[in-house]
Structure formats: C-alpha cells, structure tokens
Amino acid sequence: MTSASIVVEETGGGAHRSREGRRRGRGPSRAGAWPVLFIGPLMLGVAVFYYWPIVTNLIVSLQKTNAFGGGAKFVGLDNYVELFTSADLGSAIRNTLIYTVLVLLGIPLSVGIAAMIELPGLRMKSLYRTMYFMPYLAMPMAVAQVWKIVFNGDFGLLNQLLRSLGVSSPPYWLTTPGWALIAVALFGMWASVGFNVIILSSGIKAIPRELYEAASIDGASGVRQFFSITVPLLSPQIFFLTIMTTIGGFQLFDALFAMVSHGNPAEPHTRSLVSLFYRNAFVNSDQGAGAAVAVVIFGFVAVVTLIQFIGQKRWVHYA
C-alpha cells in the first residue's frame, strides 16, 4: 500500500469519526429536552407551592401589617428582635422539644411490635398490621377528642384504672401544666405506632432468613438475634422514621389544639412553636410576627435534620 493511500484512508477515517462524533454530540442534546419536558411541570409545581411561599414568608417576616394583612410596612428585623426577647419563644421551643423526644420513644416500641408480628409461623399477620395501622388513618382531631375523654380527670378511663390500682388522687391530665404536654405526647406516640410498624415490618421481611438460621446454628438466642441482626439491619428504616417523627414533632398543633383548648389553665404552659405561630398570626393578627415564628420553625427543622443526616453515618447500616 502506497503512502498516498494510507494518507487518504487516515483522512477518510478521521472524517468518518468526526461525523460520527458530531452525530453522537447531537444525540444527547436532542434527548436532553425530554427530561425537561417531563420534569418541568413537576418543578414548576414545587416552585409555586413550596419555594415561593418560603420566599413570601421571609418577606412578610420583615414587615408589619394591619389586621387584614394590608398596609405592609418594612420594619427590618424588628419582628425577630421582639420574638427572641419574649419568654414565649423559649417556652414554645422547650415544649416542642419535650413532645418530640417523647414521641420518638415510640420508635423502639414500634420495633418490638413489628418484630413480634413478623415472628416465623405467626398467623394472621395481615390482621395485626391492619389493626395497628387503623389509628393512623383516623382524623387526628376526631381521635384527639376521644383521648380527651380518656384523660378526663373525673371520669376518664385512665384515672379510673389508676384508682383501681390504688392511686388515691390521680392527676387532672389535661388541665395540669406539668401533665398536659405528657398526655398529648402519649396520644402522639399512640397515633404514630401504626405507621412505624408498617415501615418496620417491610424492613424485617427484607432481611434474609439465612442470617437468622446461621445465628441459630451458632447458638444465638432470639434476644441476641434481635439486637445483633434485626436492629442493625433495620437502621435505615429507623433513621427514616426518626426524621419523619422529628419533623412531625416540630409541627405539633392539631392534637394540642384539640386536647388543650383555649381557656384551659394549662394552655399557656403547653404552647408549641406552631401554636405560637397561630397565636401571633391569627389570634393577635400580627402576620409579620407569625411569619418570623415560621422562619424559626423552618430553621430548627433544617438544622436538626442536617444533624441527623450527618450522624447517621455512624449508626445506619445499608445492606
């Protein structure tokens, strides 16, 4: 083969490769429009219904308005200064944290319940899951009214049970400042167990049975298998429930509003952050102060969630 033919072949091959590269380059650009078309409507909805309200709330938190939301006047950080210098914010943060911690105690309880439901050979597992999940489907305000009767200090089922056990003067749960928040937290724990059990049951079913069989051959007891196999391999589900429960705890309002209503002597001592937002924005008709509380709630949720995501690297084990 002559040197001229070699040059022609190399030139032709280079041109062919160049054309092929251009075709490849044009392919992704044409395909790149399809993801935008599919994701665009979703992202537009997220921007309109999630991001824009956050921006609007930040703007409102820097303003003072009249009772009808009009006559907006820019006041800078005055709403935040007034909020952080009031005693109500510290009390609301403390109550919200106490409620969240108490409701988080329902997760270990849920792990134990889910493990018992998923015991090998147990019959009617679907019935048990349904029974535990049903309270989660009920309307919180309606169920809270039922629990309000249960916690009644005079004729409530709980105090009748305590009197039968020898407690002479059980507390008035929902009217005593020290007990009202605990009563609401017990209701929140009960209401969250059903959802937790469903998530944890699905995680337990995904654990390979071979691990339990190998542990049994090695002589591990059921308790040892639970703490050495079930709990570590359920850590992703436990982490997910921890995040969701924490966020739900910081959003405490409906159960508290239903069980510890306005006029209750315990109400000023059990206000949550969302209750403080409701009081400022709608009872006192100060939308700027209410928006400032909403910003504080958003910041708390973001910081706590970030800390949980950083900490999960130490204890969450993904299969």
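Helix H5 passes helix H9 in a right-handed crossing. A crossing counts as right-handed if the near helix is turned clockwise from the far one by less than a right angle, and left-handed if anticlockwise. Helices here are DSSP runs (H or I, at least four residues), numbered from the N terminus. The model is predicted, so local features need pLDDT of at least 70, side-chain atom pairs count only at pLDDT 80 or more, and totals for chains, interfaces and linings use all residues. Residues are numbered from 1 along each chain as its sequence is written, and side-chain values use heavy atoms, without hydrogens and water.

Stay with this pair. H5 covers residues 106–117 and H9 covers residues 177–205. Their axes come within 8 Å and cross at roughly 50 degrees. That makes H5 oblique to H9. Axes are lines fitted to C-alpha atoms over the stretch in contact, and angles run from 0 to 180 degrees between N-to-C directions. Oblique is what remains after roughly parallel (under 35 degrees), roughly antiparallel (over 145) and roughly perpendicular (65 to 115).

Which residues of H5 and H9 meet? From H5 they include Ile-107, Val-111 and Ile-113; from H9 they include Met-189, Val-193 and Leu-200. Contact means heavy atoms within 4.5 Å. The residues of this contact divide into 12 nonpolar, 4 polar and no charged. Ala, Val, Leu, Ile, Met, Phe, Trp, Tyr, Cys and Pro count as nonpolar; Asp, Glu, Lys and Arg count as charged; the others, Gly among them, count as polar.

Next comes helix H14, residues 273–283. Its buried residues include Leu-273, Val-274 and Asn-280. Buried means under 20% relative accessible area, exposed over 50%, and partly exposed in between (1.4 Å probe, protein chains only). Among the elements that cover these buried residues are H12 and helix H15 (287–315).

H12 spans residues 235–250 and holds Ser-235. Is Ser-235 buried or exposed? Ser-235 is buried, with a relative accessible area of 3%. Its side chain reaches the backbone nitrogen of His-317 at 2.8 Å. Beyond its neighbours within four places in sequence, Ser-235 is in contact with Trp-315, Val-316 and His-317.

Most residues other than glycine have a negative phi. Ser-285 has a positive phi of about 55 degrees, although it is not a glycine. Ser-285 lies in the loop between H14 and H15. Ser-285 is partly exposed, at 26% relative accessible area. Met-124, also not a glycine, has a positive phi of about 55 degrees. Met-124 sits in the loop between H5 and helix H6 (125–137).

Conventions. Helix = DSSP H or I, 4+ residues; strand = E, 2+ residues; numbered from the N terminus. Polar contact = N/O pair within 3.5 Å; in protein donor to acceptor, adjacent residues only side chain to side chain.
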